[in-house]
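Please read it with the model open.

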Amino acid sequence: MEKRARFTSSWLPYALVAPQILITILFFFWPAVQALYQSVLLQDAFGSYSEFVWFDNFKTLFADPTYLASFQTTAIFSILVAVCGMSIALMLSVFADRVSKGASLYKTFLIWPYAVSPVVVGVLWSFLLSPSLGLISHVLAWLGIPWDYMINGNHAMILIVIAAIWKQISYNFLFFLAGLQSIPKSLIEAAAIDGAGPVKRFFTIVFPLISPTTFFLMVVNIVYAFFDTFAIVEATTHGGPGKDTEILVYKVFTDGFKGGDLGGSAAQSVVLMFVVILLTVVQFKYVEKKVQYA
Amino acid sequence: MIERRPILDAISHLVLIIGALIVIFPLYVAFVASTQTAEQSATSPLSLMPGTEMINNYRTVLTAGASGQVSSPPVSRMLWVSLVTALVIAIGKISISMLSAFAMVYFRFRGRGIFFWMIFVTLMLPVEVRITSTYQVISDFGMLNSYAGLTVPLIASATATFLFRQFFLTVPDELAEAARIDGAGPLRFFKDVIWPLSRTNVIALFVIMFIYGWNQYLWPLMVATDQSMYPIGIGIKTLISGGDSAVEWNMVMATMVLAMLPPGLVIVVMQKWFVKGLVDSEK
């Protein structure tokens, strides 16, 4: 779409876009190019020595079992966060869509986690699930369930998944609720008149109709689990025990900043860039589809 | 309501109440622990009744710092740093994206396509994937431990630019024509027509961006190495770094409650705009 009415000026449009473009070049493009460049160099931690090594860093990376393990950890983590988080949010939003009284009150409670920063989320849940003084651990012990996320890798994974889901629940809930509320009531009524009960209506009408929302949230949740959960891991497990919860973003940070492996860290950044590009393309394909259906 | 099903209604309310309670429970525990003495908050199981130390604890963390064991600046200072950072990021993002969207919609100029493409690509370069190299740029500019370093690299925003572009495209052409006939230049048109029309979008986006800025963690972790420039998130991290026995949980929880309060209030008070901003910025 284009505007018919325009203004003309030889310098003004450039002045208007200048701040945005300047910041983009300095802090997005230049660092990205640097990362690409460093990913084909072998450097020592002080930058005094560097050698062009083609794709050796990538070869090393993909031959490194800890990197592949981190990929697997991230995949398991993001699938758990996306699937469990969305299921819970969908259930809550279906019920919230049903009740008319008090729906906005429930909404007010359910949007709080969005405001809480990931590091606070991490500390909060590691306190609740702390093996020595956590409230929930206490209940688990009373039930006879052993729990110690500091030595058991599965427990550590459960901890970060719970924390990540809790934080994201507001977002998923609001989008599902908006999706549900946009379904024409006449469709539901017609099915009800034909004798379909609430459960049957959900699976044959409601769920298929909100599938664009579901797909969109799937992508958003995977992006969230991949990139926005650094602080949760940092505040709870530090990637441990061992490397059982070391997700990719956490590994880039520890290898580059704490380990001083600049080339390896840059190569990891480049791999992550490809993941983002892939996810962005998938997301935009979906946006086109949404326009068609709407 | 499609049909009367009292049992299903009761189940709905029950599930929602349980859901809301589970969601609120961690926040309640944080508040309760923040009102207790250090010993109370470190006993297992924690009492769920508020303690008596609320005023004392909050006064201590705000003025003196949250811990006697780990050195950390007073929470009031960290809240200030977070507030300035969040405001600069939110206002900065909105200003520069509004201006560039205005230029792209209301002018035809050489390089418009390239600029548009450049802004679009930033969607694919979140800070997490270019950490090390962006850090180098900031340190080369000498921007470590400054508000500029904490905010400027996060200010570029493809999402906000697209949002404003979409919105400007829906503004009727007649308005711009009328403005031109009346002899108003582009800047006058922006100030008197576009800005007033955009107000709801600006508020909605402000809520989202303020929370985004307030909750930044990875970036300040690298840029703020000096304690006086710690935003609240980094401060909390240093408080728990002492290990289980050294942590004074009541003080940590008081700090966390204070850290949650500003964005929490923004969301609850501006709920309508928050939902609008959230939905809009994902289109």
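1. Chain A has 14 helices and two strands. Keep in mind that this is a predicted model. Along the principal axes, the C-alpha atoms of chain A occupy a box of roughly 75 × 75 × 30 Å. Chain A has 294 residues, and 41% of them count as buried. Take the contacts in chain A between residues at least 6 apart in sequence: 69% of these join residues at least 24 apart.

2. Chain B has 15 helices and zero strands. Its C-alpha trace spans about 75 × 65 × 35 Å along the principal axes. The radius of gyration of chain B is 24 Å, whereas a compact globule of 283 residues would have one near 19 Å. Of the 283 residues in chain B, 48% are counted as buried. For contacts in chain B between residues at least 6 apart in sequence, 74% link residues at least 24 apart.

3. Now the contact between the chains. Chain B gives 83 residues to the contact and chain A gives 80. Which helix of chain B supplies the largest share of the side that touches chain A? Helix α1 of chain B, residues 6–34, does, with 14 residues. By class, this side of chain B holds 57 nonpolar, 16 polar and 10 charged residues.

4. A:P113 deserves a look. This proline sits in helix α5 of chain A, residues 112–115. A:P113 counts as buried because 24 C-beta neighbours lie inside 10 Å, and the cut-off for buried is 20 or more. A:P113 and A:K167 are 54 residues apart in sequence, yet their C-alpha atoms are 5.1 Å apart in space. Beyond its neighbours within four places in sequence, A:P113 contacts A:W166, A:K167, A:I169 and A:S170, and also B:V23 of the other chain.

5. Turn to the packing of helices in chain B. Two packed helices are described by the angle between their axes and the distance between the axes. Helix α13 of chain B (residues 232–239) and helix α14 of chain B (residues 249–269) have axes that come within 10 Å and cross at roughly 165°. That angle is over 145 degrees, so α13(B) is roughly antiparallel to α14(B). The crossing is left-handed. From α13(B), the contact uses B:I232, B:G233, B:G235, B:I236 and B:L239; from α14(B), B:V252, B:T255, B:M256 and B:A259. The contact of α13(B) with α14(B) has six nonpolar, three polar and no charged residues.

6. Helix α14(B) also packs on helix α11 of chain B, residues 199–214; their axes come within 10 Å and cross at roughly 165°. α11(B) and α14(B) are therefore roughly antiparallel. The crossing of α11(B) with α14(B) is left-handed. Here B:V207, B:F210, B:I211 and B:W214 of α11(B) meet B:P262, B:P263 and B:V266 of α14(B). The contact of α11(B) with α14(B) has seven nonpolar residues, no polar and no charged.

7. Is helix α13 of chain A mostly covered or mostly uncovered? Mostly covered: eight of the 11 residues in this helix, residues 248–258, are buried. The buried residues of α13(A) are A:L248, A:V249, A:Y250, A:K251, A:V252, A:F253, A:D255 and A:G256. After α13(A) comes A:G260, with a positive phi near 75°.

8. Helix α6 of chain B, residues 131–140, has buried residues too: B:I131, B:T132, B:S133, B:T134, B:Y135 and B:I138. Just after α6(B), B:G142 has a positive phi of about 65°.

9. Last, check two backbone angles. Most residues other than glycine have a negative phi. A:H238 has a positive phi, near 55°, and is not a glycine. A:H238 lies in the loop between α12 (230–236) and α13 of chain A. A:H238 counts as partly exposed because it has 13 C-beta neighbours inside 10 Å.

10. B:N145 is the other residue to check. B:N145 is not a glycine, and its phi is positive, near 55°. B:N145 is in the loop between α6 and α7 (147–151) of chain B. With 16 other C-beta atoms within 10 Å, B:N145 is partly exposed.

Notes
Residues are numbered from 1 along each chain as its sequence is written. Chains are lettered from A and ligands numbered from 1 in the order in which they are written. This is a predicted model: local features need pLDDT of at least 70, side-chain atom pairs count only at pLDDT 80 or more; totals for chains, interfaces and linings use all residues. Axes are lines fitted to C-alpha atoms, for helices over the stretch in contact, and angles run from 0 to 180 degrees between N-to-C directions. Helices (H or I, at least four residues) and strands (E, at least two) are DSSP runs, numbered from the N terminus. Angles under 35 degrees count as roughly parallel, over 145 as roughly antiparallel, 65 to 115 as roughly perpendicular and the rest as oblique. A crossing is left-handed if the near helix is turned anticlockwise from the far one by less than a right angle, and right-handed if clockwise. Two residues are in contact if their C-beta atoms, placed from the backbone, lie within 7 Å. Ala, Val, Leu, Ile, Met, Phe, Trp, Tyr, Cys and Pro count as nonpolar, Asp, Glu, Lys and Arg as charged, and the others, Gly among them, as polar. The radius of gyration is taken over C-alpha atoms; the globule rule is 2.2 Å times the number of residues to the power 0.38. A residue is buried if 20 or more other C-beta atoms lie within 10 Å of its own, exposed if 12 or fewer, and partly exposed in between; C-beta atoms are placed from the backbone.
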